[in-house]
Structures are given as structure tokens and as C-alpha cells.
Number of protein chains: 2
Amino acid sequence: MKKVAVVLSGCGVYDGSEVYEAVCTLLALDKVGAEVQCFAPNVEQMHVINHLNGEEMVGETRNVLIESGRICRGAVKDVAQANADEYDALIVPGGFGAAKNLSDFALKGAECQVNPDFLRFAQAVHRAGKPIGLICIAPALSVAICGEGVECTIGNDRETASVLETMGAKHCDCPVQQAHVDRERKLVTTPAYMLANRVSEAAAGIEQCVKEVLALV
Amino acid sequence: MKKVAVVLSGCGVYDGSEVYEAVCTLLALDKVGAEVQCFAPNVEQMHVINHLNGEEMVGETRNVLIESGRICRGAVKDVAQANADEYDALIVPGGFGAAKNLSDFALKGAECQVNPDFLRFAQAVHRAGKPIGLICIAPALSVAICGEGVECTIGNDRETASVLETMGAKHCDCPVQQAHVDRERKLVTTPAYMLANRVSEAAAGIEQCVKEVLALV
């Protein structure tokens, strides 16, 4: 049985993990019999967004690890405790949490910093020759994890693709139902809600991503 | 195209909608091409539970409608505005939100009251001869919506089943991958996380529930 670590970044597309993407990832992994452990950084969210009107809920603070537990019935651990030796692969769903809590890409773009606990774990998985799947905007972390020259996709948005290329990635356009595979670096990426109009479209690309990641184990 | 209302009750199993169940419901509906509108009551949650340790986060308050938006990218409306004439069917995922926010079943058991905005809508859907699907613990609302004598399932938990029978329901045991159908009253129920050990088990029963609900339209 393959063991897969899934790193969440809160609960809700605008300040955490995109919930559809996270659940579709966990469902796809469970359907093929993978054993899953969720992780998240034990830090405060960058901010809290009211998901009805898109505005910041000023004065509210929420913890990324605690809120991530809402997605997976509390079965989530601090990513600082994640040991790459114990997992065959790593998958990171998208949502602004990947760009606000796992990194500050949403604020800093190409100059972003990545959460050190997450980065240490993800780099160790990569260095061990194990595959990684990054979904939606999470491929913004590709170069930090896999190094310059890595191939990835965030769909076909020219502006975001160009920022990734500034960071040293090679961006490859990809339709929503598919996943792009950098076989040399064992990185699999899929656009999901960078392109999806419906949850079933995101689910199809995420299933492809999960399938390709597990095939690289 | 069939139009289906899905009523959420917050975001997270312990104080809102069970996130796996909600997403599996929305994914199953989208896969078969149904048009979906999410609703939730515009009320404060009964309380806020830390999903890591199960304890109440004393002093925090959250709004059920706003938090429900985290599941569905903000595409949720106040259930007080829901018009039964506009929908072919209604589905309610589970989670403690169904027993804490849509009703006070978690506190009062057989003596529970149901949120009046939700109840008005659900009863109007039922009176119009349209099918309803209730998932996990949401079948605790069966008698309030469909009247005494209605058949439903919450799996096979004797204690909960007996409370439902006290309220006037006829409880029918049902395995997690299946759904029970009361064809006369057009009520479809499935145990989901009353029994599920894995998200793929809950997803299988929810797909059955969605299929049976749409077949009754």
C-alpha cells in the first residue's frame, strides 16, 4: 500500500485550501487504496476572508493547522513533524492558502518565501526521488521544491505563467482535465480551479494527477 | 436539466456540514449534469469546535451561511430566500451542523426544533411531490419534513434509530454503500459517516442517494 502525504493550508479557497480540490484529492487517493496522512503548517493564517463577499474579516485570526482539520475530520498533523522517509509521495491541493499560508506568493510573486517546515519536508521528499503532485496555484512552489528548470503548469494564464518562468520554471500549458508530468524531476501538476468552471472538471484533472503521481512511485 | 437545492449547515463535521459528504454530494450532482444551488441558514453556529482536539473554542462565534461558503467557493444563498417552485429536488448532507444548526437534535433528541427557514423550504419541496435526499444524521429531520410514518436510515446505530422511531419515523438498517428509498414519500437516505470508515465508502452511498433522488424527479 502506497503512503501519501497531503499538505493542506487552511479550509476555504480564499484564505486556505480549495475545499473541492482537497476532497477530490483525498477521494481519488482513497479510491485507489492509498494510505493518506494530512499535514498542515501550525501557523496563523495570513488573514480570514468572508467567503460570501470576499472581504477580510478584520480582527479575526485562525490557525492553519486547526482550520485544515475541518476538511479531514481532524486527521491532520503539524507538517513540522512530517518525515519524508515515511511517505512514498506528496500532494498539495491549491486554493489561496498555498499562496498565502504555505508561501507568500500572493503578496510577493517571484520573490516569495516558502513556509520553512513545509519546504524542508517537500525538498526531502524530492531529494529522495519520490514524486510530488502540485494542484492549481501550488505549482508556484515548484522551483523552491525541485529547483530551476522544472516543468509545471498552472493552466494557461499568461501573467501567472510568466511569474513562474521568472522564478526559473518552464511553464507548459495544460487543459483542466489533464496533468503535466516532468518525468525527470517526478513533478506532476494540474490546473484545477485555475481553469475549472465546474467541480467535475477539477476532479478529472486531479484524478489524472493522483494517477500519475502514484505511477511514479 | 434538473435543478437541485443543497442545504449546508456550516463547514466542518463537528459544528457544520461534514465536508467530505458535502463535496461528494456536489460532485455527484455535477457529474450527472444537475444544476445546483447551495443554501444555508443565516444564523450563528451553535458553537465553534476546534477540529484538532474536539474542544469548544469558547468566545468564538461564526455564521452558518458565511462558513458554508467555504465549501462551495462562496456560491451559497440564505435558505430564507429559497423558493421550492424553482427546484426539482433537495439534498441535505450530514455533519453535526444538521443536528446543531439546522436543528437542535444534538441537544434535544426527539424533542428537537428545526430551523424555521429551512423547515418551510423543505416542507414546501415535499408538499410539491419533489424528492428529498438526507445524508448521515440529517435523516433526524425526516419526520419534521415528511411527517410520521416516513421510512429512513441512519445506518444501524440502535440508540439513534430508536430516537428517530420515537419521533415517528420507521427506521430501516442500510449499509454504507447503499441508500434507502421511501418511494411513497420520495425520501432517500444514506448513512455516510454514521457508518463510513473511509471517504470512498461515504462517496459510494452518496452517489446512490443522488441517483435515486434524481430518478424520483
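Okay, let's start with one residue, R73(A): its relative accessibility is 25%, so we call it partly exposed. Before I go on, please keep in mind that this is a predicted model.

So where does R73(A) sit? Find the loop in chain A that runs between helix 2 (64-68) and strand 3 (76-78), and you'll see R73(A) there. Now look at who R73(A) touches, skipping its neighbours within four places in sequence: V13(B), Y14(B), E18(B), Y20(B) and Y193(B). One of these, E18(B), makes a salt bridge with R73(A) through the side chains, at 2.9 Å from N to O.

Let's zoom out to the interface. How many residues does each chain bring to the contact? Chain A brings 38 residues, and chain B brings 39 residues. Together the two chains bury about 3400 Å², with 57% of that on carbon and sulfur atoms. On the chain B side, L52(B), R70(B) and R73(B) supply 25% of the area buried against chain A, more than any other three residues.

What about the polar side of things? Between chain B and chain A we count 8 salt bridges, and 16 residue pairs are in polar contact across the interface, both partners at pLDDT 80 or more. Which helices of chain B each give at least two residues to the side that touches chain A? They are helix 1 (19-31), helix 2 (64-68) and helix 8 (199-215). Helix 1 of chain B gives the largest share of that side, 8 residues. Sorted by class, the side of chain B touching chain A has 21 nonpolar, 11 charged and 7 polar residues.

Next, helix 8. Buried residues in helix 8 of chain A include V199(A), A203(A), I206(A), V210(A) and E212(A).

Hold on to E212(A), please. Its side chain meets R183(A) in a salt bridge, 3.7 Å from N to O. E212(A) is in helix 8 of chain A while R183(A) is in the loop between strand 8 and strand 9 (187-190), so this pair ties together parts 29 residues apart in sequence. And R183(A) itself? Buried or exposed? With a relative accessibility of 54%, R183(A) counts as exposed.

Q178(A), from the loop between strand 7 (170-171) and strand 8 (180-182) of chain A, touches G205(A) and Q208(A), along with T190(A) and P191(A), leaving out residues up to four places away in sequence. Q178(A) is partly exposed, at 45% relative accessible area.

Last stop: salt bridges in general. Over all chains, a search of the whole structure finds 20 salt bridges. Here's one within chain A: R62(A) and E60(A), with the closest N and O atoms 3.2 Å apart. R62(A) counts as buried because its relative accessibility is 2%, whereas E60(A), at 25%, is partly exposed. These two also belong to a network of salt bridges that links D15(A), E60(A), R62(A), E67(B) and R70(B).

Key:
Residues numbered from 1 in each chain as written. Chains lettered and ligands numbered in written order. Predicted model: local features only at pLDDT ≥ 70, side-chain atom pairs only at ≥ 80, totals over all residues. Heavy atoms only, no water. Helix = DSSP H or I, 4+ residues; strand = E, 2+ residues; numbered from the N terminus. Buried < 20%, exposed > 50% of the residue type's maximum accessible area, 1.4 Å probe, protein only. Contact = heavy atoms within 4.5 Å. Buried area = accessible area lost by both parts, 1.4 Å probe. Salt bridge = Lys/Arg side-chain N within 4 Å of Asp/Glu carboxyl O. Polar contact = N/O pair within 3.5 Å; in protein donor to acceptor, adjacent residues only side chain to side chain. Nonpolar A, V, L, I, M, F, W, Y, C, P; charged D, E, K, R; others polar.
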